[in-house]
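Here's a protein chain to explore, one region at a time. Keep the 3D view open and find each spot as you read.

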Amino acid sequence: MNQISQNNLHEVYSSRKITKGGDAMYMRLINGRWFSNIRDKKNPKNKIQVSLDAYKHEKIKAIRNLGVVFDDIKKGINPTSARKNIHKLELPGKVAERTEAALRKHIYPFFGAYKPREIDKAKIEKYIEHRFGFNADGELQAYKNTIEKELLALQRLLQTVYGESYKLPKVKYKKLNKEMLSPLTLDQIEVVSKYVLDTYKPVYWIMAYTGMDVSDVVSLKPRDFQDGWIKKERGKSGIEIEVPVCEPLADILKNVPWPIHQDARIFPDMTANGCAIHVRRCFKKAGLDGYGSKYLRRFIASILMDKGYSRYWIGKALAHAEGSNVTKKYTQVYPPTLKEAFGKIKPGVKMG
């Protein structure tokens, strides 16, 4: 059965007349149940055929539900997907791994049994309560970046039904702040590396020595290495990554099997999500619960800050947008450096 495309839904029929005798051309019986049978005037091979939730003897009910189908078409709503449960909706084309993980872990399990029409502000509030609960004042709370990414995935699903202009209802909640752990030291990173499986170690050390996102590391190709540098477009932002391959990393890369084709992935069997989970578990085994691949990225930022480099240059190294607030969040000063700086404050000594 072919479906009429989302963009052409409103063109199927610009007007309709349903009478006691004139509805048959828009309906048909299949195994004793009524279904819509609406054909595209421009392409008669395409048709919308959805259940009208009525048996053979319930023709009046079928006609009434057929009217709902036509109303959906007029509004640009896909009547086929509008009647599916959320867990049966899929995003078209290539889906980012992070989005796919949000759908699989959170959106489908909670919203999966609902139909698109049932997703309203109250359901979204229940979802936020389910994920993060209430604060001491009885207010909904959530980590802003986390909940926005998850609800964006839900919104994109519903856009396959309602069109690209559809937006989820706004819900108010109090922003939770994640505790920022102390920046990693190279000694800690080396201790954790002992728990990392050999298959993951090259990816682990590339993250540690470059500050690249795990998704950008697992997608590395031979053509990304140019004259002792890694140069590639960052997957998240499209900003150019340009970092030097330091000597320790060069030694590690010598033992990595290199594909012959320049456009083949160096780590073809790796996924960003799988690597991130493994790294997080290794940190936990090493007694550093709460740390993960993001902190390997922050390690580079903090090392550069500790050595006196400006946030502008650190942002360049991390392929952040100019003036990004994330750069400020990633850069932390190591306690010994701070202690050394304050140790220079002595009676009679002018600072600066």
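## Leu249 and its neighbours

Skip the residues within four places in sequence, and Leu249 is in contact with Trp205, Ile206, Tyr209 and Thr210 (contact means heavy atoms within 4.5 Å). Leu249 sits in helix α9, residues 247-253. Helices here are DSSP runs of H or I with at least four residues, strands are runs of E with at least two, and both are numbered from the N terminus.

Is Leu249 buried or exposed? Leu249 is buried, with a relative accessible area of 0%. The cut-offs are simple: buried means under 20% relative accessible area, exposed means over 50%, and partly exposed is in between, using a 1.4 Å probe and protein chains only. Leu249 and Ala208 are 41 residues apart in sequence, and their C-alpha atoms are 9.2 Å apart in space.

## What kind of model this is

This is a predicted model, where local features need pLDDT of at least 70 and side-chain atom pairs count only at pLDDT 80 or more, while totals for chains, interfaces and linings use all residues. Residues are numbered from 1 along each chain as its sequence is written, and side-chain values use heavy atoms, with hydrogens and water left out.

Now for the whole chain. It has 14 helices and 10 strands, and buried residues make up 40% of its 352 residues. Take the contacts with a separation of 6 or more: residues 24 or more positions apart account for 62% of them.

Helix α11 covers residues 293-306. At 1.5 Å a residue, its 14 residues should span 20 Å, and its end C-alpha atoms are 20 Å apart, which agrees. (The expected span is 1.5 Å times one less than the number of residues.) Because 10 of the 14 residues are buried, α11 is largely enclosed by the rest of the structure. Among the buried ones are Tyr295, Arg297, Arg298 and Met305. After α11 comes Gly308, with a positive phi near 95 degrees.

Which helix has an axis that comes within 6 Å of the axis of α11? That's α7, residues 201-210, and the two axes cross at roughly 35 degrees. (Axes are lines fitted to C-alpha atoms, for helices over the stretch in contact, and angles run from 0 to 180 degrees between N-to-C directions.) From α7, the contact uses Tyr204, Met207, Ala208, Tyr209 and Thr210, and from α11 it uses Ser293, Leu296, Phe299 and Ile300. By class, that contact has 7 nonpolar, 2 polar and no charged residues. For these classes, Ala, Val, Leu, Ile, Met, Phe, Trp, Tyr, Cys and Pro count as nonpolar, Asp, Glu, Lys and Arg as charged, and the others, Gly among them, as polar.

## Helix α3, with a kink

Where is the kink in α3 centred? It is centred on Leu103, and the kink is about 40 degrees. (The bend at a residue is the angle between axes fitted to the seven residues ending there and the seven starting there.) Thr99, Ala101, Ala102, Leu103, Ile107 and Phe111 of α3 are buried, and what covers the buried residues of α3 includes α4 (121-132) and α5 (144-162).

The axes of α3 (residues 97-111) and α10 (residues 272-285) come within 9 Å and cross at roughly 70 degrees. The two helices are therefore roughly perpendicular to each other, a label for angles of 65 to 115 degrees. Glu97, Arg104 and Lys105 in α3 meet Ala272, Asn273 and Gly274 in α10. By class, this contact has 1 nonpolar, 2 polar and 3 charged residues.

Most residues other than glycine have a negative phi. Asp53 has a positive phi of about 55 degrees although it isn't a glycine. Asp53 is in strand β5, residues 51-55, and counts as partly exposed at 46% relative accessibility. Asp227, also not a glycine, has a positive phi of about 55 degrees. Asp227 lies in the loop between β8 (225-226) and β9 (229-233) and counts as exposed at 79%.

Finally, look for Arg83 in the loop between α2 (79-82) and α3. Arg83 is partly exposed, with a relative accessible area of 23%. Leaving aside neighbours within four places in sequence, its contacts include Val50, Asn65, Asp72 and Lys115.

Methods. Parallel < 35°, antiparallel > 145°, perpendicular 65-115°, else oblique.
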